[in-house]
Amino acid sequence: MNKAVKNGIASCILALSVIFIIVGVVGEEPVEVMQKAVRICLECIGIG
């Protein structure tokens, strides 16, 4: 593979990653993850 093809593939992967991050943030996924993390932590220390 030449350098142009590798750069094109890398650019596509980068763009796709950014799109998936934006979709996750818009869908409030960080809130879900934080709520689950808090529940797990509280269960580990015996409060939840």
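The expected span of a helix is 1.5 Å times one less than its number of residues. Helices (H or I, at least four residues) and strands (E, at least two) are taken as DSSP runs and numbered from the N terminus. The model discussed here is predicted, so that local features need pLDDT of at least 70 and side-chain atom pairs count only at pLDDT 80 or more, while totals for chains, interfaces and linings use all residues. Residues are numbered from 1 along each chain as its sequence is written, and side-chain values use heavy atoms, with hydrogens and water left out.

The protein contains two helices and zero strands. Its C-alpha trace spans about 55 × 20 × 5 Å along the principal axes. Helix 1 covers residues 3–26. This helix has 24 residues, and the distance from its first C-alpha to its last is 35 Å, close to the 34 Å expected at 1.5 Å a residue. Helix 2 comprises the 16 residues 29–44, which at 1.5 Å a residue should span 22 Å; the end C-alpha atoms are 23 Å apart, in agreement with that value.

The backbone after each helix may be considered next. Just after helix 1, E28 takes a positive phi of about 60°, and E28 is a residue other than glycine. E28 belongs to the loop between helix 1 and helix 2. Helix 2, in turn, is followed by G46, where phi is also positive, near 90°.

Solvent exposure is described by relative accessible area: buried means under 20%, exposed over 50%, and partly exposed in between (1.4 Å probe, protein chains only). Of the 48 residues of the protein, 2% count as buried. E28 is exposed because its relative accessible area is 52%. In helix 1, I21 is likewise exposed, given a relative accessible area of 57%. I21 and I9 stand twelve residues apart in sequence, and their C-alpha atoms are 18 Å apart. P30 lies in helix 2 and counts as partly exposed because its relative accessibility is 47%. From P30 to A4 the separation is 26 residues in sequence and 36 Å in space, C-alpha to C-alpha.

Accessible areas come from the Shrake-Rupley method with a 1.4 Å probe; for residues, only the protein chains shown count as cover. The protein exposes about 4,300 Å², of which carbon and sulfur atoms supply 72%. A nonpolar patch on the surface is formed by M34, V38, L42, I45 and I47, with about 490 Å² of accessible area together. Nonpolar patches join side chains of Val, Leu, Ile, Met, Phe, Trp or Tyr within 5 Å, in residues with over 30% relative accessible area and no salt bridge (a side-chain nitrogen of Lys or Arg within 4 Å of a carboxyl oxygen of Asp or Glu).

Technical notes
Patches are made of residues with over 30% relative accessible area and no salt bridge: like charges are joined within 9 Å, nonpolar side chains (Val, Leu, Ile, Met, Phe, Trp, Tyr) within 5 Å.
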